[in-house]
Amino acid sequence: MERKLKQLFDYQKFAGNRELQQVIDSVHARYTARELALEDMEMVAAAGTPDIKDQKKNGDR
């Protein structure tokens, strides 16, 4: 399974693709890397939000 996923998502196959590079470049131009302020970190949920699963079960979302 792992080998199959690597084959499906292998970026090297697309590294020379001009259209893909244009998309990558346009995204890089729109978004810059920056350090998050403490206020911004309150909104980040890198591991997901456990309450969303419960809300879907209850029909809230």
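Q: Which residues form a nonpolar patch on the surface, and what is their accessible area together?
A: The model is predicted: local features need pLDDT of at least 70, side-chain atom pairs count only at pLDDT 80 or more, and totals for chains, interfaces and linings use all residues. Residues are numbered from 1 along each chain as its sequence is written, and side-chain values use heavy atoms, with hydrogens and water left out. A patch takes residues with over 30% relative accessible area and no salt bridge, joining like charges within 9 Å and nonpolar side chains (Val, Leu, Ile, Met, Phe, Trp, Tyr) within 5 Å; areas come from the Shrake-Rupley method with a 1.4 Å probe, and for residues only the protein chains shown count as cover. Here the patch consists of Met-1, Leu-5, Leu-8 and Phe-9, with about 510 Å² together.

Q: Is Met-1 buried or exposed?
A: Met-1 lies in the segment before helix H1 (2-8). Buried means under 20% relative accessible area, exposed over 50%, and partly exposed in between (1.4 Å probe, protein chains only). At a relative accessible area of 77%, Met-1 is exposed.

Q: Which residue caps the N-terminal end of H2?
A: A polar contact is a pair of N or O atoms within 3.5 Å; within protein, one must be able to donate a hydrogen and the other to accept it, and residues adjacent in sequence count only if both atoms are side-chain atoms. The backbone nitrogen of Leu-20 lies 3.0 Å from a polar side-chain atom of Asn-17. The backbone nitrogen of Glu-19 lies 2.9 Å from a side-chain oxygen of the capping residue, Asn-17.

Q: How far apart are the end C-alpha atoms of helix H2?
A: Helices (H or I, at least four residues) and strands (E, at least two) are DSSP runs, numbered from the N terminus. The expected span is 1.5 Å times one less than the number of residues. For the 13 residues of H2 (residues 18-30) this should give 18 Å, and the end C-alpha atoms agree, at 18 Å.

Q: Which residue forms a salt bridge with Arg-34?
A: A salt bridge needs a side-chain nitrogen of Lys or Arg within 4 Å of a carboxyl oxygen of Asp or Glu, and the count comes to one. Arg-34 is exposed, at 60%. With the closest N and O atoms 3.4 Å apart, its partner is Asp-40.

Q: In which helix is confidence lowest?
A: Confidence is given as pLDDT, the predictor's value for each residue from 0 to 100. The protein averages 78. The highest mean is 90, in H2, and the lowest is 60, in helix H4 (residues 50-58).
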